Amino acid sequence: MGGKQDSTKSESMATTKTAPDLLNSSIFSFKSLKLKTKQQELLIRVSILGLVYVLAFIARLFSVLRYESMIHEFDPYFNYRTTLFLTEKGFYEFWNWFDSESWYPLGRIIGGTLYPGLMVTAALIYWTLRFLRFFVHIREVCVLTAPFFASNTTLVAYFFGKEIWDTGAGLVAAVLIAICPGYISRSVAGSYDNEAVAIFALLLTFYLFVKAVNTGSLAWALGSAFGYFYMVSAWGGYVFIINLVPLYVLVLLITGRYSMRLYIAYNCMYILGMLLAMQIRFVGFQHVQSGEHMGAMGVFLLMQVFYFLDWVKYQLNDIKLFQTFLRITVTSAILVGGVALGVGTASGYISPWTGRFYSLLDPTYAKDHIPIIASVSEHQPTAWSSFMFDYHILLFLFPAGLYFCFKRLTDATIFIVMYGLTSLYFAGVMVRLILVATPAVCLISAIAVSATVKNLTSLLRTKQKVPQSGSTKGAGSSKASSKVTLDQSQPFQKNGAIALLLGVFYLLSRYAIHCTWVTSEAYSSPSIVLAARGAHGNRIIFDDYREAYYWLRQNTPTDAKIMSWWDYGYQITAMGNRTVIVDNNTWNNTHIATVGRAMSSYEDEAYDIMRSLDVNYVLVVFGGVTGYSSDDINKFLWMVRIGGGVFPVIKEPDYLVNGEFRVDKGASPKMLNCLMYKLCYYRFGELTTEYGKPTGYDRARGVEIGNKDIKLEHLEEAYTTSNWIVRIYRVKPPTNRL
Amino acid sequence: MAARIGIFIVFVAVFLSIPAFSSAQDLQIVNAERRIDLSSHIVKAFLTVKVENIGKDPAAEMLLAFPPTQIKNLAMVQALAVTGKKKKKTYVPLDVKPTEQPDAPNDTGYFRVSFVSPLGPGETITLEVLYILTHSLEPFPVEITQSESQLVYYHDSAVILSPYHVKQQTTFVKTPSTRVESFTSIEPANRAGKEIKYGPYKNHAPNSYTPVIIHFENNSPFAVVEELEREIEISHWGSLQITEHYKLTHGGARHKGVFSRVDYQSRRSVSGASSFNGLLAVLPPRVNSVYYRDDIGNISTSHLRTGFRKSELEFEPRYPLFGGWRATFIIGYRVPLEDYLFEASDGRRYLNFTFGCPLVETIVNKLTVKVVLPEGSKDPSAVLPFTVNQDLQVKYSYLDIVGRTVVVLQKDNVVPTHNVPFQVYYTFKPIYMLAEPFMLVSAFFFVFVATLAYVHIDLNIVRK
């Protein structure tokens with residue numbers, strides 16, 4: 001802040017100087033336009049930041065250019081639908097919205113079961129633009145929310161980097177995070193998900209907290225509390241903040257870095273943050289009752305004990321007396337705390353940790369206990385390759401940055417080290433959490449890059465300046481440069497520095513190329529529209545999802561209930577505008593298991609289940625014609641597992657042959673006659689999919705199907721899309737028994 | 001023959017009350033020939049009548065009569081007077097207006113055709129009348145499966161309903177294919193290939209009516225746009241933005257039961273014969289920035305061919321339309337302003353644009369054309385060759401303060417024949433064009449001024 005004020009002051013001084021010059025003579029005016037070094041630096045910094053801001057935005061627009069301005073994937077469709085509702089009906093209606101279109105017949109209280117931050121943000125942007133007479137469509141706002149917040153994140157990264165290291169590190173951090181694939185993967189245009197704003201909120205909260213710790217200012221702590229509030233309103237990942245910050249405080253306490261600044265920062269942030277967070281209905285009293293939040297409260301109490309002891313120490317002024325007092329207080333405090341925690345847990349007042357939290361601490365937990373969490377691909381443990389894919393050179397720069405951090409240990413660097421290490425652990429547990437680790441990795445890597453480049457350039461400069469002035473005073477006061485001047489006698493130092501600098505620039509340019517490539521190839525596909533290369537190199541578009549959803553929207557009764565696997569629930573409600581049995585919210589495992597059971601039962605049994613759920617249409621996704629591999633047959637084992645987890649009649653081995661999942665002639669009889677198999681392969685046996693292959697050749701699995709003569713008794717084909725990717729069946733009313 | 005005429009008179013007595021037209025008796029139709037084209041779902045009838053004044057006074061007009069079942073589906077009636085002989089024929093368009101007759105039998109509807117010059121006693125005139133009927137083919141069976149082809153009923157009268165005495169008349173009905181399940185035979189009537197001929201009948205009393213039913217196969221696309229909203233936004237910066245919201249449906253026999261993709265894609269000729277997939281829109285020649293989308297995004301199945309006289313947009317809805325299925329979509333495009341906006345001699349500006357629906361062979365049940373005039377336009381007035389409901393609205397678009405005047409023209413039952421130019425006149429001062437750039441410039445200016453002020457103001461309470 002100080003630096004900024006200085007620069008603005010000098011700028012104003014410069015302008016006051018130039019004014020008389022301009023009046024006096026035009027010859028001097030040109031000279032006076034030349035900026036001072038400090039002003040030049042400011043100008044360069046501001047323009048770099050401006051360019052990075054723009055870059056972060058446009059790098060995320062690949063999907064809009066390749067496809068169109070549309071919402072991607074699954075969850076964003078729910079967010080889009082709720083945002084649409086919010087802008088149409090207003091905030092109070094939104095807050096009290098009971099959605100009968102999902103989770104039939106249970107319904108869902110939307111206002112109380114979502115994080116409204118994203119929707120409210122988009123709606124506010126929309127309303128602001130409308131107020132300014134920019135009549136944009138809400139869809140455009142939703143599509144561009146993620147890139148916009150990514151741009152804002154780069155600014156926060158700059159200030160954060162400046163806070164923990166220097167402006168150079170801040171700039172590098174801003175550039176790195178602007179194009180880091182780990183972050184881009186969740187913030188391309190159209191990826192309208194909670195994470196889009198949450199990463200911004202997360203980094204902002206951390207930055208403001210570190211600033212508060214560094215300055216001891218109530219204002220920054222207050223800002224941090226509000227940042228935390230925004231984060232809580234936006235994403236369930238706020239739990240990371242409320243555990244990392246106390247952990248950080250605890251580490252500072254242990255390492256003897258307790259200070260009044262820390263006391264102010266943490267207390268203000270915790271109390272206000274907690275009160276604000278409790279205003280979000282989805283969080284509410286969980287913030288003081290659930291196990292995940294207990295750590296923060298414990299550290300808060302510990303902080304008071306510390307302060308109290310400090311005060312007693314000051315009052316007693318006697319070491320022996322104080323130590324007895326210390327012993328008594330600490331023992332009783334631990335006892336009281338332990339008893340309170342025990343009683344709270346036993347009485348059920350403090351709820352135990354949730355399954356997701358467990359699965360974070362123990363990567364094998366979900367696999368054994370909660371198949372529904374394990375079935376989601378983004379909850380899988382991270383492979384090495386995806387680290388390499390998402391971080392590229394940052395993976396090597398990260399340890400280097402840690403080295404620099406440890407070399408210059410301050411309150412701020414301790415924070416970033418802790419943030420980096422913990423989040424990297426979580427990133428290893430779950431693929432999607434790479435996102436949370438990305439800002440830390442970028443910041444620490446930025447420190448490495450900035451420190452290295454700074455050392456090398458100062459080395460080059462001092463060598464040049466030595467013969468000219470004979471003194472090294474002007475070269476800067478960093479340790480590295482003074483060291484360099486001391487051992488000037490080393491040969492080839494200049495050449496070595498140049499080579500190293502070139503190496504750094506090569507690495508960074510490789511990084512930029514890699515990021516662009518990854519963004520354009522891997523992360524810019526909307527997954528609603530599939531694109532493939534044809535035999536002649538032309539682009540073929542499979543728009544089957546929207547074809548099916550629009551068919552549902554236009555040609556089925558408005559109160560029709562659609563049964564499908566839960567992956568497609570949000571899309572059906574948003575694009576098809578029809579009631580679904582289960583959707584991506586997955587809050588009721590039994591309901592999902594019922595659908596899983598129906599899909600894996602024989603048709604008659606499934607018919608009874610579907611009748612009991614009032615199902616009118618069944619939708620399955622089938623990739624056998626196009627070779628689209630993430631279809632329902634490949635997801636089928638998870639349906640069996642989840643169904644079997646609640647209904648023991650469904651047994652996984654019934655669907656396997658010698659532990660192998662097959663759909664061809666060698667498949668198990670139960671597999672060949674279950675509802676999912678029948679619906680996917682109905683009349684597929686008559687079709688020739690590939691030249692030179694028999695009819696009924698499944699291109700996704702590369703086999704000829706085992707059951708070509710499928711008869712449906714209680715269902716009939718209602719619609720199949722042009723590439724067979726989505727197939728919709730009508731459930732017939734029961735036949736009259738007379 | 002006389003006996004048959006007697007039967008007809010009984011018919012008339014049953015269906016209609018006894019006519020009592022005084023003026024009607026002054027005219028008689030010497031010869032009438034009617035050709036009804038049933039090949040698409042828009043029924044076109046060409047009527048050539050030779051009218052003679054047998055009264056004592058000159059007649060300035062004549063009446064065309066339509067039965068009540070047709071009058072509500074009547075999209076358009078046009079009449080031309082033919083003068084000259086075979087090769088030197090000239091056609092003069094005549095004024096046709098719907099009219100009420102106080103003693104109309106059984107809700108018969110009338111149109112009054114005004115002659116160019118009154119028809120003197122004993123004179124004859126030949127008229128060519130074109131009338132177009134919509135929703136007049138009734139599917140039977142009402143529901144069909146994917147493999148069946150669509151059969152429809154057409155109801156009409158074998159003789160022309162007219163308030164005048166008709167001396168001789170013939171009716172030809174053209175069906176789309178040779179498959180005709182049945183037709184009411186009124187002797188002399190016969191069928192040859194795709195044509196059914198009724199007549200010639202001689203000497204029919206006024207208001208004769210002989211109902212006939214023709215049951216035949218018609219697999220032409222029954223593309224019915226239930227609602228079409230065309231918004232034409234004028235920008236004096238050089239372009240005309242047209243946005244068209246369609247609610248399309250298949251108006252034929254409803255689809256029943258299974259839709260089988262295997263059958264649809266492998267046996268296309270027999271399976272889903274009555275369904276349609278491709279549509280063609282005829283757009284203006286220098287069209288650009290064409291898009292085709294719906295509520296959930298872009299639809300990728302479309303091709304645009306631009307040409308000198310017209311552009312053609314070939315597109316497919318997301319799914320083939322079977323009977324009763326619906327599809328809504330939006331087509332938008334931009335055309336250069338200079339082709340459509342002109343300055344009238346009195347200094348006013350006027351837009352000259354096509355009225356109807358650009359899709360070929362479609363019926364529009366309800367068409368709303370909204371002409372969005374630039375901000376600051378005054379005194380709008382629309383000029384159309386037929387009657388429409390007119391209204392004014394205000395629309396807010398980008399950077400609008402007072403809003404834009406919107407001229408709303410609304411018409412029901414529109415067919416491709418309505419694709420005729422219409423004009424919207426308004427006054428506009430060019431200075432208003434600069435309002436929006438000025439606003440933007442001043443907004444930026446204020447941002448810079450505010451920044452300057454912020455930099456120079458020291459908000460600290462304590463001086464550092």
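Modeller: A friendly start with terms: helices are DSSP runs of H or I with at least four residues, and strands are E runs with at least two, both numbered from the N terminus. This is a predicted model, in which local features need pLDDT of at least 70, side-chain atom pairs count only at pLDDT 80 or more, and totals for chains, interfaces and linings use all residues. Residues are numbered from 1 along each chain as its sequence is written, chains are lettered from A and ligands numbered from 1 in the order in which they are written, and side-chain values use heavy atoms, with hydrogens and water left out.

Biologist: Happy to begin with the backbone. Where is the place of A:W724?

Modeller: Most residues other than glycine have a negative phi. A:W724 is not a glycine, yet its phi is positive, about 65 degrees. Its place in chain A is the loop between strand 10 and strand 11.

Biologist: Which strands of chain A stand at the edges, each with a single partner strand?

Modeller: Two strands pair if DSSP finds at least two bridges between them. In chain A, five strands with mixed pairing form an open sheet, ordered 6-5-7-11-10. One side of each edge strand is left without a neighbour in the sheet, because each has a single partner: these are strand 6 (579-580) and strand 10 (715-720) of chain A.

Biologist: On to helix pairs. Are helix 3 and helix 9 of chain A roughly parallel or roughly perpendicular to each other?

Modeller: Angles under 35 degrees count as roughly parallel, over 145 as roughly antiparallel, 65 to 115 as roughly perpendicular and the rest as oblique. Helix 3 (residues 37-58) and helix 9 (residues 167-179) of chain A pack at about 15 degrees, with axes 9 Å apart. Helix 3 and helix 9 of chain A are therefore roughly parallel.

Biologist: How many nonpolar residues has the contact of helix 3 with helix 9 of chain A?

Modeller: Ala, Val, Leu, Ile, Met, Phe, Trp, Tyr, Cys and Pro count as nonpolar, Asp, Glu, Lys and Arg as charged, and the others, Gly among them, as polar. Besides one polar and two charged residues, the nonpolar ones in this contact of chain A number 10.

Biologist: Is the crossing of helix 7 and helix 8 of chain A left-handed or right-handed?

Modeller: The axes of helix 7 (residues 117-131) and helix 8 (residues 138-164) of chain A come within 10 Å and cross at roughly 115 degrees. That makes helix 7 of chain A roughly perpendicular to helix 8 of chain A. A crossing is left-handed if the near helix is turned anticlockwise from the far one by less than a right angle, and right-handed if clockwise. Helix 7 of chain A passes helix 8 of chain A in a crossing that is right-handed.

Biologist: Now chain B. Which residue is the bridge partner of B:A189 in strand 14 of chain B?

Modeller: In chain B, 10 strands form an open sheet in the order 3-6-5-4-7-2-1-11-14-13, with mixed pairing. Neighbouring strands of this sheet are turned by 20 degrees against each other on average, direction ignored. Strands 13 and 14 of chain B run antiparallel and are joined by four bridges. The partner of B:A189 in strand 14 of chain B is B:Y198.

Biologist: What is omega for the cis peptide bond that joins B:G199 and B:P200?

Modeller: Most peptide bonds are trans. The place of B:P200 is in strand 14 (residues 195-204) of chain B. The cis bond between B:G199 and B:P200 has an omega of about 5 degrees.

Definitions and conventions. Axes are lines fitted to C-alpha atoms, for helices over the stretch in contact, and angles run from 0 to 180 degrees between N-to-C directions.
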